[in-house]
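I opened this notebook to record what I looked up in one structure. The entries follow the order in which I consulted it.

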Amino acid sequence: QLVDRYGVRSLDRELDASLGEVAKPSPISAQLIGEFRLRVGGIEIDPGGWKSRRAAEVLRILALHSGRPVHADKLLDWVWPNEGPAAKPSLNAALSTIRRSLEASGAGRDQLSRDGDRYALTPFVTTDVAEFDILITRARTAEATGRSDLAVALLLQGLSAWSGKEFLPADRYASWADNERGRVTQLIDDARERTGEMLLGQGELEDGLA
């Protein structure tokens with residue numbers, strides 16, 4: 001009763017909530033269109049300045065998977081295809097470099113999480129490619145409900161992000177990026193074609209894509 005009267009339990013709950021907020025890890029987002037960028041909270045981590053080219057590539061792989069864990073064997077196959085298990089020390093060194101970079105940005109080292117032999121960036125919020133996917137989905141919904149004007153606007157907004165840019169240009173020939181590159185390329189081609197068709201139907205093709 002005394003505890004309740006003086007609000008000690010309430011104070012404990014408030015303190016726990018406050019500590020939880022302080023300890024809450026910063027959200028991670030990635031730019032995959034054009035030059036790669038990773039942001040932790042509002043702070044950008046630029047792997048371009050790293051001495052470890054392999055660590056930067058591992059980081060891009062983890063960012064591409066948007067918080068979905070990637071097994072160490074996959075990372076070894078993709079980044080050190082000719083070395084096999086012998087490259088495990090190199091992978092460990094790359095992961096340590098990523099952790100140090102996260103820590104230097106004000107993030108926690110544990111934002112590169114490990115579950116057994118699987119690794120992920122957490123908490124992962126979004127990528128610009130994921131945002132492009134959302135715009136395409138919204139455009140399809142708008143067109144299906146008879147809002148071709150809104151569909152065109154959404155498609156043009158999504159396609160504008162790709163103007164003069166490509167998906168992860170530093171990894172143009174990397175096998176681990178092939179599937180997503182192919183998917184995105186098809187999505188862009190379909191979006192451009194559909195935008196042109198709708199603009200033509202509206203008599204406004206001259207205002208569409210160049």
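The entries below go from the whole chain to single residues.

**Entry 1. Overall composition.** I note at the outset that this is a predicted model. I counted the secondary structure and found 8 helices and 7 strands in the protein. I then looked up burial: of the 210 residues, 36% are buried. The accessible surface comes to about 12,200 Å², and carbon and sulfur atoms account for 50% of that surface. For contacts between residues at least 6 apart in sequence, I found that 58% join residues at least 24 apart.

Entry 2. The core. Which residues touch the most other members of the largest nonpolar core? I found Leu38, Val58 and Leu121 in that position, in a core of 57 residues. The largest share of this core, 8 residues, is supplied by helix α3, residues 53-64. The β5-β6 hairpin. I next examined strand β5 (residues 112-115) and strand β6 (residues 118-121), which run antiparallel and are joined by 4 bridges. Asp115 stands opposite Arg118 of β6. The hairpin has 2 residues between its strands, and Gly116 takes a positive phi near 70° there.

**Entry 3. A cis peptide bond.** I looked up the bond that joins Thr122 and Pro123 and found it to be cis, with omega about -10°. Pro123 belongs to the loop between β6 and β7 (124-127). For context, I note that most peptide bonds are trans.

**Entry 4. Helix α7.** How many residues does helix α7 have, and what should they span? Helix α7 (residues 148-160) has 13 residues, which at 1.5 Å a residue should span 18 Å; the end C-alpha atoms are 18 Å apart, and the two values therefore agree. I listed the buried residues of α7 as Ala151, Val152, Leu154, Leu155, Gly158 and Leu159. These residues cover an arc of only 165° around the axis, so they lie on the same side of α7. I recall that an α-helix has 3.6 residues a turn, so residues three or four places apart point the same way. I then checked the partners: the buried residues of α7 pack against α6 (128-144) and α8 (178-201).

Entry 5. Ser66 is not a glycine, yet has a positive phi of about 50°. Ser66 sits in the loop between α3 and β4 (70-71). Leu168 is likewise not a glycine and has a positive phi of about 40°. Leu168 is in the loop between α7 and α8.

Is each of these residues buried or partly exposed? Ser66 has a relative accessible area of 29% and is therefore partly exposed. Leu168 counts as buried because its relative accessibility is 1%, under the 20% cut-off.

**Entry 6. Asn92.** I placed Asn92 in helix α5 (residues 88-104). Its relative accessibility is 35%, so Asn92 counts as partly exposed. I also looked up Ala55, which is 37 residues from Asn92 along the chain; the C-alpha atoms of the two are separated by 9.5 Å.

Key. Residues are numbered from 1 along each chain as its sequence is written. This is a predicted model: local features need pLDDT of at least 70, side-chain atom pairs count only at pLDDT 80 or more; totals for chains, interfaces and linings use all residues. Side-chain values use heavy atoms; hydrogens and water are left out. Two strands pair if DSSP finds at least two bridges between them. A nonpolar core is a set of buried Ala, Val, Leu, Ile, Met, Phe, Trp, Tyr and Cys residues joined through side-chain atoms within 4.5 Å. Buried means under 20% relative accessible area, exposed over 50%, partly exposed in between (1.4 Å probe, protein chains only). Contact means heavy atoms within 4.5 Å. Accessible areas come from the Shrake-Rupley method with a 1.4 Å probe; for residues, only the protein chains shown count as cover. The expected span of a helix is 1.5 Å times one less than its number of residues. The arc is that of the directions from the helix axis to the C-beta atoms.
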